[in-house]
Amino acid sequence: MVRSAVWIAAILMGVVGLRGGEPGDPLAWARANVDAGRYREAAQMLRQALAEAGGAAVRPELGLELARVQRILGGYAEALKLCDEALQGQAQSREAAGLRAELLAEVGRYEEALAAFDALLKADEKNARAWAMRKQVARTLGRTEILKASADYFFALFNDNAEAFQSGTIEDALLPAYVGIGIQDENPKDAFEVGFMLSEEFVRKRGLKAAEVFVWSGQLALEKYAFDFAAQRFRQALQLRPNWPDALTGMAQVSIAMPQSPADFKKAEELLKQALEVNPNHVEAHLTLSAMALRDDDVAVAKEHLDAALKVNPNHLEALSLLAFYHHDLGDLQKEAEIERRVFAIHPKYAEYYCAMGELLESKRGFAEAPEYYRKAIALDPDYWRGYYGLGMSTSRQGAHGEEEGKKLLLKAFSMNKFNLWASNMIKALDKVIGDREQEVPPQYGESRTEHFTLKYHVKDMEIVRPYLEDWAEKARERQGKMFGFMPEGPLTIEVCYSFSDQAARTVGVPNLGALGVCFGKLCTLVSPREGKGGNHPPFNWRRVLEHEFGHVMTLQMTRFRIPRWYTEGMSTYLEGDTRLNMDQMMIDALAYGQLKPIEKMNEYFKGNLLMAYVHGAYFVEYLIEQFGFEAHLKALRLFSEGRKSEEVFPKVTGKTLEELNAGLMEHVKRVLAKVRLRPTLNQAEYLKLEALANRSGAEVGDIARLAEAQWGSKEQRGAAAGTLQRALEKDPNCAPALALQGRMAYAKKDFLTAKACFQKATRADPEASFAAWHLLGIILKKEGRTSEAIAALEKAHEMYPRYVGEDHPLLLLSELYLDLDPPQEGKALEACRRACAILTSDPEPARRGLKAALRLKDWASAAVFAEIVFEIDPYDLETHRKAGRAYEELKDWAKAAREYRVATALDEKDVDSFVGLARMERARGDREAARKALKAALEIDATHEGARALRMELGG
């Protein structure tokens, strides 16, 4: 056969070469390229071969192969036409008829597909693939009689071929996979083990390229929430057939279901776009992107992908379910009902519709609405596990009143689908919280109640964190209620989870959530502050976490759970009162590199750096208050409750266009960040640009100094910093930034005399040039005992950079220095600690120092305030509880003094002084019985304790 130009061109373009077979065989060439994931090249070859084949006998085979490739590429109409042509050739009629039937199902022509499969089985009742694919169509339509007949057929098929399956002598390696499809509803475990996994083994051993086996297996695993298993299958499919849209989409869906970080959502998006590059008509890829866009409130993109999917298959049940949710999200309930009727006209028992609606609602924080849909799913199909699972998860997330019922529902769901680790993990989490009565396992958590809350804590934490949570929860409700003019609907529950893993299981049923708190509208969970002490996580302010999560209670309920995710996070970040100064570098970089999202796109942050949604969102909240007052937010929340979108809401409440609001927000961000003494982190391109500026003829000394500083901050370039710095100083010996850098270099080498001289020269040359010069100069002067000079330097450093949150904080150093003066200036030391507490909100050290200074001054009120700040971060500090007890005792606040001594005894059951203090406070409160109980505990520890013995005389016991 003479090679045509297309084969030569294909070779020149690097098309995959042939392994075996005739070099001019277009079928072999095409199949080799399909195996390599080069589908368009394969289609090009086959089209050329068809054009040259004329009326040759090979034409039907070429056409059928092209139809298979076009199916991968999304050319369904052409593929169907090619099948019709191939059917005219008797040799290919069975394969062509089978492919045609599968294509009819793919484009939603289900009745025609069923008829085509029926015809295939009439011609050959042993056509196992036709049986399997016919069952898939029957499943879509809810045809129970076909489903039962198919299952019976495949159970019999397995029994008849069990020996061949076990020995591996079965002729068709895909036959076990067909069995898997046939029995997956009746027995998913066997479907995996004696169906798909057996086929997978045959495919591997025989060196076949049957990637679809792994995709079928992965899709069932996805359906059963066995996500690790699914990921393994999709990866193997991609190894056998690179760039295959079905497998790429499956991998994306796993990434969305089990994200390890926010970047996984971006990764999923990239995989889906990769799938659509191969097949622009891939229905599942479009639907997954549409669901992601709906979650992000990008309704235009969501509709675009929905329309694309429905154009291919107007009867696709998942697509129609998503379309119904789209209309629900827009508040068009009439249109939602219309789509619902279309769904049930196709499949009258399609309970997945209601489950999908519930899950989609929960993905957008619609926790109050979702249960209604799960109940409808159960009513429609009581034998379907997803309804029980969805309702069980939803009910258990409603707080203490839903835990028992939620667990019952989850146990029922898990009995129906034991692959569901989410259900299993939530059941285990609930066992910890409420125990297991049947197994006589007591709960590991206790509870207390206040006027408006049920509060839960691990028994190891309960007596330590309970008194503060009871107080702070009621205060948060009162404070935020006044701000919003709204009191949330109860019952309200707050659970303090013992560990991050406990919280992850309790909230989403998976490990590695990583969040300090979660809110579902009536239930808030917090991670125990003990997780900030063990080294696994930095210390954190758990009271601010409480304020943050309760902020979600307010905004979720006020908007009927319709608030955009970025807005509720931004509002909660604002409400917690933490300025997130440690995020300044992130914001500086985002501003410098054009990464700040416009208001209408802020949900996109959750696909990458989700912290930007919290921090940039808080900037927006501040901006609106500054320009329009808090009332603007109240109006916005009311409009969101009506189902309005950001693009409409914010212009309406401000009278400004989105463009004007985005411009105003940008100016606000720039104004705040202008106070930050940080430069953007240089990426490679910016570094090269700076290097070119500094190395050009007649370069500015400032550019040379900046290059030296950039080099000093880079491990790769640090060796060049000294030489560049020398150039700057030769050009201008009084360049303050260069002198400051020279001082930093000397300081790093512990050459403090040289460093001091450089810093002094730098601060004289330009007092406003360098925070680091004043800061480090102050530290050196402190070490030298030059207290007054050190104070002046550090006060200047703090004035220059009040948002600094790094090591050796100027305010902490000042709190020590003011006490070193003669006479000591305790008042100024106290004020320095107050200022430090407002900045270092997750560091207990400023408050500990403030407490020490307040006690020296006998400023009992300040001492009590500082002690409580310590407890916001570290409630396990025994010594601070003792000091707080004394402060409250001096203030004659017997109840709080008793609280502190009681917590101290919980932390150290041998702390006789605290037991005596507790007894003393209980007596002062008039509770003599409680006083005697505490006194008895003290005397059991130390019968000779003078204070205890004296108190016993007073109590008369």
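Predicted model: local features only at pLDDT ≥ 70, side-chain atom pairs only at ≥ 80, totals over all residues.
Me: At 1.5 Å a residue, what should the 13 residues of helix H19 span, and how far apart are its end C-alpha atoms?

Reply: Good place to start. Helix H19 covers residues 317-329, and at 1.5 Å a residue it should span 18 Å. Its end C-alpha atoms are 18 Å apart, which agrees.

Me: How many of the residues of H19 are buried?

Reply: Of its 13 residues, 12 are buried, so H19 is largely enclosed by the rest of the structure. Among the buried ones are Leu317, Leu320, Phe325, Tyr326, His327, His328 and Asp329.

Me: Which helices do the buried residues of H19 pack against?

Reply: They pack against helix H8 (128-141), helix H17 (283-295), helix H18 (299-312), helix H20 (333-346), helix H21 (352-363) and helix H22 (370-380). After H19 comes glycine 331, with a positive phi near 85°.

Me: Where is the kink in H12 centred?

Reply: On methionine 197, and the kink is about 30°. Just after this helix, glycine 207 adopts a positive phi of about 65°.

Me: Now for pairs. At what angle do the axes of H4 and H6 cross?

Reply: In general, two packed helices are described by the angle between their axes and the distance between the axes. For helix H4 (residues 59-73) and helix H6 (residues 93-106), the axes come within 11 Å and cross at roughly 20°. That makes H4 roughly parallel to H6. The crossing is left-handed, and Leu64, Ala67, Arg68 and Arg71 of H4 meet residues of H6 including Glu95, Leu99 and Glu106.

Me: And at what angle do H25 and H27 pack?

Reply: Helix H25 (residues 421-434) and helix H27 (residues 500-507) pack at about 115°, and their axes are 7 Å apart. H25 also passes H27 in a left-handed crossing. The contact involves Asn425, Met426, Ala429, Leu430, Lys432 and Val433 of H25, with Asp502, Ala505, Arg506 and Thr507 of H27.

Methods: Residues numbered from 1 in each chain as written. Heavy atoms only, no water. Bend = angle between axes of the 7 residues up to and from the residue. Helix = DSSP H or I, 4+ residues; strand = E, 2+ residues; numbered from the N terminus. Axes fitted to C-alpha atoms, helices over the stretch in contact; angles between N-to-C directions. Parallel < 35°, antiparallel > 145°, perpendicular 65-115°, else oblique. Left-handed = near helix turned anticlockwise from the far one by under 90°. Contact = heavy atoms within 4.5 Å. Expected span 1.5 Å × (residues − 1). Buried < 20%, exposed > 50% of the residue type's maximum accessible area, 1.4 Å probe, protein only.
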